[in-house]
Amino acid sequence: MDDTPQPNLGVQLRAARLRLELTQEQVARAVGFVPTVYGRIERGDMLPSVPKLRELCVVLGVSADTLLSLALTAGAPDTPRAEEAAEMPPALRRLTTLVRDLPPSRLRLFRVALQTLLEPPEQPDSDET
């Protein structure tokens, strides 16, 4: 019996990626893999390092327990961040992934643009009428 995690890990990675409507290339870039290497991981041909596995968990919004097909033991802490990410609409998850890849200067610009969009429109003073 083969207890290696590769096949299950690949299945879980693919399911999480498709749930987010991301391509293999987008996920690979988000964690610093060459797309062909990420494809090999999804196919179960190789395993990522522990730091890369953690990055995959963050990018895909799933816990390592889920990716490794481990059952949570009683009393083990849940991963609310992963659960929250799973409940986000796919468009918001894609945006989150894209924002994570921004360099610091572009991230500042994105934040300014977003704050501008969120500001309420100016209302004309009622005294000027």
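Leu98 counts as exposed, at 51% relative accessibility; the term exposed applies over 50% relative accessible area, buried under 20%, and partly exposed in between (1.4 Å probe, protein chains only). The place of Leu98 is helix H7 (residues 90-100). Helices here are DSSP runs of H or I with at least four residues, strands are runs of E with at least two, and both are numbered from the N terminus. Between the C-alpha atoms of Leu98 and Val27, which are 71 residues apart along the chain, the separation is 10.0 Å.

The structure is a predicted model, in which local features need pLDDT of at least 70 and side-chain atom pairs count only at pLDDT 80 or more, while totals for chains, interfaces and linings use all residues. Residues are numbered from 1 along each chain as its sequence is written, and side-chain values use heavy atoms, with hydrogens and water left out.

## Overall build and confidence

The protein has eight helices and zero strands. Of its 129 residues, 26% count as buried. The accessible surface comes to about 9,100 Å², and 58% of that surface belongs to carbon and sulfur atoms; such areas come from the Shrake-Rupley method with a 1.4 Å probe, and for residues only the protein chains shown count as cover. A contact means heavy atoms within 4.5 Å. Among contacts between residues at least 6 apart in sequence, 55% join residues at least 24 apart.

Confidence is expressed as pLDDT, the predictor's confidence in each residue, from 0 to 100. The protein averages a pLDDT of 79, and 78% of the residues score at least 70. Helix H3 (residues 35-43) has the highest confidence, at a mean of 93, and helix H6 (residues 80-87) the lowest, at 58. Over residues 72-80, pLDDT stays under 50, and the model has four contacts beyond four places in sequence for this stretch. Where pLDDT is low, the predicted coordinates should not be read in detail.

Arg17 belongs to helix H1 (residues 6-19) and counts as buried, at 7% relative accessibility. Apart from neighbours within four places in sequence, the contacts of Arg17 include Leu22, Val27, Tyr38 and Leu60. Leu60, in helix H4 (residues 50-60), is buried as well, with a relative accessible area of 3%. With neighbours within four places in sequence left aside, Leu60 is in contact with residues including Leu13, Ala16, Leu20 and Val27. In space, Leu60 and Leu18 are 9.6 Å apart from C-alpha to C-alpha, and in sequence they are 42 residues apart.

Which residues are buried in helix H2 (residues 24-31)? They are Val27, Ala28, Ala30 and Val31. These residues lie on the same side of H2, because they cover an arc of only 165° around the axis; the arc is that of the directions from the helix axis to the C-beta atoms. After H2 comes Gly32, with a positive phi near 85°.

## Salt bridges

A salt bridge is a side-chain nitrogen of Lys or Arg within 4 Å of a carboxyl oxygen of Asp or Glu. By this rule there are five salt bridges, and the table shows examples.

| Residue pair | Distance, N to O |
|---|---|
| Arg17 and Glu42 | 2.5 Å |
| Glu21 and Arg94 | 2.6 Å |
| Lys52 and Glu55 | 3.9 Å |

Both Arg17 and Glu42 are buried. Lys52 and Glu55 are separated by about one helical turn, because they are three residues apart in helix H4.

Glu21 also has a positive phi of about 60°, although it is not a glycine. Most residues other than glycine have a negative phi.

## A nonpolar surface patch

Leu114, Leu117 and Leu118 make a nonpolar surface patch of about 350 Å². Patches consist of residues with over 30% relative accessible area and no salt bridge, with like charges joined within 9 Å and nonpolar side chains (Val, Leu, Ile, Met, Phe, Trp, Tyr) within 5 Å. Leu117 is part of helix H8 (residues 104-118) and is exposed, with a relative accessible area of 70%.
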